[in-house]
Amino acid sequence: MAAPIDLELKKAFAELQSKMIDTQQKAKPADLQIDQLTRMKKHANLTHAEIKTLPDNTRMYEGVGRMFILQSKEDINTQLTYKQKTADEKIKELEQKKTYLERTVKDAEDNIREMLMSRRAQ
């Protein structure tokens, strides 16, 4: 009777290990994206703060590739606000994805603990 339980435990541990590796591989790019989006948001916020101090008639240029396009202060402020808003949304989405992945691994760990406890009880 001990042999089937041991095979069952081995299978459960193998599944947990593969799930852990898969979760780590999915979480690492999410962490990198969150860091990148945080930097982009901070850059947009600093730029927005600097632009606020300038007079309304100041000529402003937006960098597009290797050229610069003349833009109004209002357009640039709108673009910076949009960048910040989209970065916030993406960060929130990535955090939820990471939380879900961590929760699935925790559930698998709990299932294995329950299997071990039931085995000890027998």
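In the predicted model, Asp31 is partly exposed, with a relative accessibility of 31%. Asp31 takes part in a salt bridge with Lys98, in which the closest N and O atoms are 2.7 Å apart. Asp31 belongs to helix H1 and Lys98 to helix H2, so the pair ties together parts of the chain that are 67 residues apart in sequence. Lys98 has a relative accessible area of 18% and is therefore buried, the limit for that class being under 20%. Helix H1 also contains Lys28. The C-alpha atoms of Lys28 and Lys98 are 9.4 Å apart in space, although 70 residues separate the two in sequence. Lys28 is exposed, its relative accessible area being 58%.

Side chains of opposite charge can pair when their charged atoms come close. The structure holds six salt bridges. One of them, besides the pair described above, is formed by the side chains of Lys41 and Asp88, with an N to O distance of 2.5 Å. This pair links distant parts of the chain, since Lys41 is in helix H1 and Asp88 in helix H2, 47 residues apart. Lys41 is partly exposed at 31% relative accessibility, and Asp88 is partly exposed at 35%.

A salt bridge also forms between Asp56 and Lys73, with 3.4 Å between the closest N and O atoms. Asp56 is located in the loop between H1 and E1, whereas Lys73 is in helix H2, so this contact ties together parts 17 residues apart in sequence. Asp56 is exposed, with a relative accessible area of 67%, while Lys73 is buried at 11% relative accessibility.

H2 accounts for the largest share, four residues. The lining consists of His43, Thr47, Ile51, Tyr61, Glu62, Gly63, Ile76, Gln79, Leu80 and Lys83. Sorted by class, four of the lining residues are nonpolar, four are polar and two are charged.

Notes: Residues numbered from 1 in each chain as written. Predicted model: local features only at pLDDT ≥ 70, side-chain atom pairs only at ≥ 80, totals over all residues. Heavy atoms only, no water. 1 Å grid on protein atoms, 1.4 Å probe; cavity = no way out; pocket = protein on both sides within 12 Å on 5 of 7 lines; lining within 4 Å. Helix = DSSP H or I, 4+ residues; strand = E, 2+ residues; numbered from the N terminus. Nonpolar A, V, L, I, M, F, W, Y, C, P; charged D, E, K, R; others polar. Buried < 20%, exposed > 50% of the residue type's maximum accessible area, 1.4 Å probe, protein only. Salt bridge = Lys/Arg side-chain N within 4 Å of Asp/Glu carboxyl O.
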